Amino acid sequence: MRTRDPAGLEDSLVVMDIADRMRRRADTLDQASDYAARRQALHQRLSRLYAAQGIEIDSETLDRAIEQHLSRRLTHRPARGPAAALARAYVRLIGSAGDAAESER
């Protein structure tokens, strides 16, 4: 007769999920802490690209451009234009139809 494993499948899956989340957080923190190195690597790469094209660019201008790009990188910009307006109208229409159905109950 087999004895039941005290650490069941459900417990194992929950712990694995927690471990995976912790690992992903650690990876994210490692990337964030490597900000200066990533910024420097981007600066060097762009400098080489400009030099290969025969374009002179000063380091200060490049630094400001990189900073501006990185400051906007993780910001939300709402969609604009006709497709976005149509999507918002659809969401309002569906939302009001759901409200009407609730009030009929």
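Buried means under 20% relative accessible area, exposed means over 50%, and partly exposed lies in between, with a 1.4 Å probe and protein chains only. By that scale Arg23, at 45% relative accessibility, is partly exposed.

This is a predicted model, in which local features need pLDDT of at least 70, side-chain atom pairs count only at pLDDT 80 or more, and totals for chains, interfaces and linings use all residues. Residues are numbered from 1 along each chain as its sequence is written, and side-chain values use heavy atoms, with hydrogens and water left out.

**Overall build**

The chain holds 4 helices and 0 strands. Its elements run α-α-α-α from the N terminus. Helices (H or I, at least four residues) and strands (E, at least two) are DSSP runs, numbered from the N terminus. Of the 105 residues, 5% count as buried. The accessible surface comes to about 9700 Å². Carbon and sulfur atoms account for 57% of that surface. These areas come from the Shrake-Rupley method with a 1.4 Å probe, and for residues only the protein chains shown count as cover.

Confidence is given as pLDDT, the predictor's confidence in each residue, from 0 to 100. The chain has a mean pLDDT of 84. In all, 85% of its residues reach 70 or more. Among the elements, α2 has the highest mean pLDDT, 91. Helix α4 (residues 82–104) has the lowest, 82.

**Salt bridges**

Side chains of opposite charge can pair when their charged atoms come close. A salt bridge here is a side-chain nitrogen of Lys or Arg within 4 Å of a carboxyl oxygen of Asp or Glu. The whole structure contains 4 salt bridges.

| Arg23 | Asp20 | 3.5 Å |

Take Asp20 and Arg23. Both lie in helix α1 (residues 9–33). They are 3 residues apart, about one turn of the helix. Asp20 has 30% relative accessibility, so this residue counts as partly exposed.

Arg64 and Glu60 share helix α3. Because they are 4 residues apart there, about one helical turn separates them. Both residues are exposed.

**Helices α2 and α3**

Two packed helices are described by the angle between their axes and the distance between the axes. The axes of α2 and α3 come within 10 Å and cross at roughly 125°. That makes α2 oblique to α3. Angles under 35 degrees count as roughly parallel, over 145 as roughly antiparallel, 65 to 115 as roughly perpendicular and the rest as oblique. The axes are lines fitted to C-alpha atoms, for helices over the stretch in contact, and angles run from 0 to 180 degrees between N-to-C directions.

Ser59 is in helix α3. Its relative accessible area is 39%, so Ser59 is partly exposed. Ser59 and Gln44 are 15 residues apart in sequence, and their C-alpha atoms are 9.7 Å apart in space. Tyr35 sits in helix α2. At 35% relative accessibility, Tyr35 is partly exposed. Tyr35 and Leu70 are 35 residues apart along the chain, with 10.0 Å between their C-alpha atoms.
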